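I opened this notebook page to record what I looked up, beginning with the aromatic rings and going on to the fold and one of its helices.

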Amino acid sequence: MSTIKRFEDLEIWKMARDISKDVYEITKKESIRYDFSLIDQLRRSSGSIMDNIAEGFERDGSKEFIQFLSISKGSSGETRSQLYRAIDQHYIDESEFQNIYNKLINVSIKIKNMMSYLKKSGLSGDKYKK
């Protein structure tokens, strides 16, 4: 694995950013525009995926990064659950649901893989270097 210097270079962060953009697009639709709480929750949880990856990376410690990756993975699950609410209320169609759902599953898998890598690597992070 090559050395990553910035969170913006992480594939999982780029994937999460793409998901957040997709969520913002569907929450601009006429069909959902008055469900303010669902719009807010979808936007916040999808943004939380990328934000926690970034925050954990910037902490410069592997244990903290793993903790924030776990939160990010949880936000991915939360966003998936909210997508069900959106499709159940006919705010989005099946293709919109499947597109974002599949991306969320994929990013969850990649986040879990990153967590496993960090646990097995023995890396402590920059904050522990002398």
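This is a predicted model: local features need pLDDT of at least 70, side-chain atom pairs count only at pLDDT 80 or more; totals for chains, interfaces and linings use all residues.

For the ring search I let rings of Phe, Tyr and Trp (its six-membered ring) pair if their centres lie within 6.5 Å, and I called planes under 30 degrees apart stacked, over 60 edge-to-face and the rest tilted. I searched the whole structure on these terms and found six aromatic pairs.

Residues are numbered from 1 along each chain as its sequence is written, and side-chain values use heavy atoms, with hydrogens and water left out.

Next I asked whether these residues are buried (under 20% relative accessible area), exposed (over 50%) or partly exposed (in between), with a 1.4 Å probe and protein chains only. Phe 7 counts as buried at 17% relative accessibility, and Trp 13 is buried with a relative accessible area of 10%.

I then turned to Tyr 84 and Tyr 101, an edge-to-face pair with 6.1 Å from centre to centre and 75° between the planes. Tyr 84 lies in helix α3 (residues 62–88) and Tyr 101 in helix α4 (residues 94–121), so this pair ties together parts that are 17 residues apart in sequence. Tyr 84 is partly exposed, at 41% relative accessibility, and I noted that Tyr 84, Phe 97 and Tyr 101 form one aromatic cluster.

For the fold I took helices (H or I, at least four residues) and strands (E, at least two) as DSSP runs, numbered from the N terminus. The protein chain has four helices and zero strands, and its C-alpha trace spans about 55 × 20 × 20 Å along the principal axes. Of its 130 residues, 42% count as buried.

Last I looked at helix α1 (residues 11–26), where 16 residues reach 23 Å from the first C-alpha to the last, close to the 22 Å expected at 1.5 Å a residue, the expected span being 1.5 Å times one less than the number of residues. Its buried residues include Ile 12, Trp 13, Ala 16, Ile 19 and Val 23. Taking contact as heavy atoms within 4.5 Å, I found that the buried residues of α1 pack against α2 (36–58), α3 and α4.
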